[in-house]
Amino acid sequence: MDCIKERRSIRKYISKPVDKKLINEILSAAVLAPSAKNRQPWKFIVYSAGSKDELLNAMEKGLIKTKAELSNMPNSEYLLSDAFNTLRIMREAPTVIMVLNTNGSSPFADIDTFARITEICDSLSIGAAIENMLLKATELGLGTLWIANTCYAYNELADFIGTTDLLIGAVALGYADEAPAPRPRKSLDETAEYR
Ligand SMILES: Cc1cc2nc3c(=O)[nH]c(=O)nc-3n(C[C@H](O)[C@H](O)[C@H](O)COP(=O)(O)O)c2cc1C
């Protein structure tokens, strides 16, 4: 409960690298998550230093392309500037862990209802694994940011990683250079009801 309460999305990091032993502890916590039919559909690819720079160069290329493509869409300026801000944070964090669904494929494919339900269950399973990572990192004194803005550079990132698995997102990991106050939460009255 302490880690649940203390965890924050961290968007400023110091440059100190994260020891591989700690990263392995975090990934070991991830894979203890429950998963639909125990499929364990997750894969984690850890990028640090030069490999992270190359990954993020691919992401930047993708964001620039998407920005041009979506320029007429309402709200696209906000969405893309948020994505570029996330990219800046990922550059600052010493480690970025890409999270893949090994049971999924391209988000651009037409899928039937059964496949969609399977994909929802796998996404939920991977979400549980990611939350385990964030909580374990908090326990180890590390900061994290759960990232979905990778979706705006989907093809470039999948090509760079060299995968046809479904890219779920990323987790930025490092030592925090900020201590944000808790972000607001809806009240139980708004979110729960007893019948
Ligand atoms: C699925 C998911 C995707 C997210 N994607 C991003 C992101 O791309 N960039 C970012 O800065 N924050 C991202 N966040 C972090 C949320 O903005 C953050 O969790 C929320 O504002 C609450 O703040 P807290 O985590 O400090 O409690 C994401 C969170 C989740 C769960």
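How many helices and strands does the secondary structure of the chain come to? The chain has 7 helices and 4 strands, where helices (H or I, at least four residues) and strands (E, at least two) are DSSP runs numbered from the N terminus. Along the sequence they follow the pattern α-α-β-α-α-β-α-β-α-β-α. The radius of gyration is 17 Å, close to the 16 Å that the globule rule gives for 195 residues, so the chain is as compact as a globular protein of that length; the radius is taken over C-alpha atoms, and the rule is 2.2 Å times the number of residues to the power 0.38.

This is a predicted model, in which local features need pLDDT of at least 70, side-chain atom pairs count only at pLDDT 80 or more, and totals for chains, interfaces and linings use all residues. Residues are numbered from 1 along each chain as its sequence is written.

Buried residues (20 or more other C-beta atoms within 10 Å of their own, with C-beta atoms placed from the backbone) make up 32% of the 195 residues.

Helix H5 (residues 113–139) has 27 residues and spans 39 Å from its first C-alpha to its last, close to the 39 Å expected at 1.5 Å a residue; the expectation is 1.5 Å times one less than the number of residues. Its buried residues include Asp122, Ile126, Ile130, Met133 and Ala137. The elements below are among those that cover the buried residues of H5.

| Element | Residues |
|---|---|
| Helix H1 | 2–6 |
| Helix H2 | 20–30 |
| Strand E1 | 42–48 |
| Strand E2 | 95–101 |
| Strand E3 | 143–147 |
| Strand E4 | 166–174 |

Just after H5, Gly141 adopts a positive phi of about 80°.

Methods. A residue is buried if 20 or more other C-beta atoms lie within 10 Å of its own, exposed if 12 or fewer, and partly exposed in between; C-beta atoms are placed from the backbone. Two residues are in contact if their C-beta atoms, placed from the backbone, lie within 7 Å.
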